[in-house]
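Subject: Structure handover

Hello,

Please find the structure below. My notes on it follow, arranged by topic.

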Amino acid sequence: MTHKIIGDALPNMPWEDRPQGCDDVLWRYSANPVLGWNPIPKAARIYNSAVIAYGDGFVGVFRGDQKNGRATLFSGRSADAINWEFDPDPIAWVDEDGNPNLTSYAYDPRLLKLDGKYYIVWCDDMNGPSIGMGTTEDFNTFTRLSNPLMPFNRNGVLFPRKVNGKYMLLSRPSDSGHTPFGDIFISESPDLIHWGRHKHVMSKGGQGWWQGTKIGSGPVPIETTEGWLMFYHGVSGTCNGFVYSFGAVILDIDDPSKVLYRTRDYILTPEKSYETTGFVPNVVFPCANLYDAETGRIAIYYGAADTYTAVAFTQVDELIEYVKNNSEVF
């Protein structure tokens with residue numbers, strides 16, 4: 001491989017070879033969706049969720065829209081990262097003293113291992129949408145930390161290690177409506193509490209109309225020999241409503257506020273019935289990736305139509321070459 005993932009081997013991650021006759025750089029799992037309607041008694045839909053390797057298997061923090069309409073977070077476990085068992089009740093957050101510290105809603109989590117602990121970042125209620133942050137060591141007790149950023153903000157994504165001695169957090173500032181601001185910013189912190197030195201990373205629009213309304217960070221960035229590889233979603237406004245697709249970007253390894261390459265075209269857009277038809281039609285929304293540094297395999301978990309959880313696959317060497325060769329001109 002010319003371009004490699006910097007990280008650990010994960011030989012038991014889900015994988016399916018590219019279908020015969022498919023020339024796309026990313027391809028869907030043939031058994032999609034892996035989660036459908038009413039997956040557990042207390043959730044009508046589970047989607048836009050995050051998974052990670054843990055022990056001999058996998059764990060996840062999942063967006064579960066309850067039947068009262070509110071989005072909350074559930075935990076789940078799996079031997080193969082495809083077939084999941086969920087805790088029956090939403091995560092019962094506690095504060096750092098062990099006292100109950102719940103949130104009225106929570107959605108679109110990202111999950112990563114950082115400094116020997118597992119961190120969850122999600123869209124939280126802080127008198128309006130803000131970035132929530134919490135941690136766990138065993139996926140039984142979940143501790144809610146202070147919100148890193150003020151309202152209004154969404155799509156918070158932590159980097160999996162410090163950069164130049166600082167923690168890094170991507171986000172998309174917004175208003176209290178449907179996020180018309182639409183650009184991605186980055187913030188840094190010495191301690192995961194005090195955040196500052198905010199910088200603009202990338203704007204909506206560009207040469208791709210598929211990302212003309214807004215963009216947002218997707219799964220936790222993957223460290224590669226070419227830079228930080230990250231999937232991100234883009235939204236276009238059509239005469240029949242919004243369409244969510246996703247592309248990929250490579251950020252500078254030492255200064256992730258700097259975009260090196262960014263796909264002009266989407267790499268996945270709603271086409272299958274489980275992506276075009278559901279609670280919110282025409283949505284593919286990436287929130288998690290698993291990868292094997294030894295083989296370069298990547299599995300992307302994405303929400304489909306705000307109803308289903310689906311999986312797609314790619315290979316890092318091919319993907320990076322695609323991003324570089326199909327990049328926007330800055």
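**The largest cavity**

Strand β2 makes the biggest contribution to the lining of the largest cavity, at 4 residues. This is a predicted model, in which local features need pLDDT of at least 70 and side-chain atom pairs count only at pLDDT 80 or more, while totals for chains, interfaces and linings use all residues. Residues are numbered from 1 along each chain as its sequence is written, and side-chain values use heavy atoms, with hydrogens and water left out. Strands (E, at least two residues) and helices (H or I, at least four) are DSSP runs, numbered from the N terminus.

A cavity is a set of points where a 1.4 Å probe fits but cannot get out. A pocket is an open set with protein on both sides within 12 Å along at least five of seven lines. Lining residues have an atom within 4 Å of a point. Grid points are joined across faces, edges and corners, and a volume is the space filled by probe spheres set on the points.

By this rule there is 1 cavity of 30 Å³ or more. The volume of the largest cavity is about 50 Å³. Its lining consists of Asn-48, Ser-49, Ala-50, Val-51, Phe-62, Cys-287, Tyr-301, Tyr-302, Gly-303 and Thr-309. At least two lining residues come from each of β2 and β20 (297-304). By class, 6 are nonpolar, 4 polar and none charged. Here Ala, Val, Leu, Ile, Met, Phe, Trp, Tyr, Cys and Pro count as nonpolar, Asp, Glu, Lys and Arg as charged, and the others, Gly among them, as polar.

**The largest pocket**

The largest pocket has a volume of about 640 Å³. It is lined by 25 residues, and those closest to its centre are Asp-8, Ile-52, Lys-113, Pro-160 and Tyr-291. Two or more lining residues come from each of β2 (45-54), β6 (106-114) and β19 (284-292). The largest share, 5 residues, belongs to β19. The lining of this pocket is made up of 18 nonpolar, 2 polar and 5 charged residues.

**Cysteines**

How many disulfides does the structure hold? The count is 0, where a disulfide is a pair of cysteine sulfur atoms within 2.5 Å. Buried means under 20% relative accessible area, exposed over 50%, and partly exposed in between (1.4 Å probe, protein chains only).

**The loop between β18 and α1**

Two residues of the loop between β18 (259-262) and α1 (273-276) are described here, and one of them is Asp-265. Asp-265 is partly exposed, at 31% relative accessible area. Beyond its neighbours within four places in sequence, Asp-265 is in contact (heavy atoms within 4.5 Å) with Trp-210 and Tyr-322. Its side chain also makes a polar contact with that of Arg-264, at 3.2 Å. A polar contact is a pair of N or O atoms within 3.5 Å; within protein, one must be able to donate a hydrogen and the other to accept it, and residues adjacent in sequence count only if both atoms are side-chain atoms.

Thr-269 sits in the loop between β18 and α1 too. Is Thr-269 buried or exposed? At 9% relative accessibility, Thr-269 is buried.

**Backbone details**

Most residues other than glycine have a negative phi, and most peptide bonds are trans. The bond joining Asn-32 and Pro-33 is cis, with omega about -10°. The bond from Pro-151 to Phe-152 is cis as well, with omega near 0°.

Asn-164, which is not a glycine, has a positive phi of about 55°. Asn-164 is exposed, with a relative accessible area of 62%. Leu-192 also has a positive phi, near 70°, and is buried at 7%.

Regards
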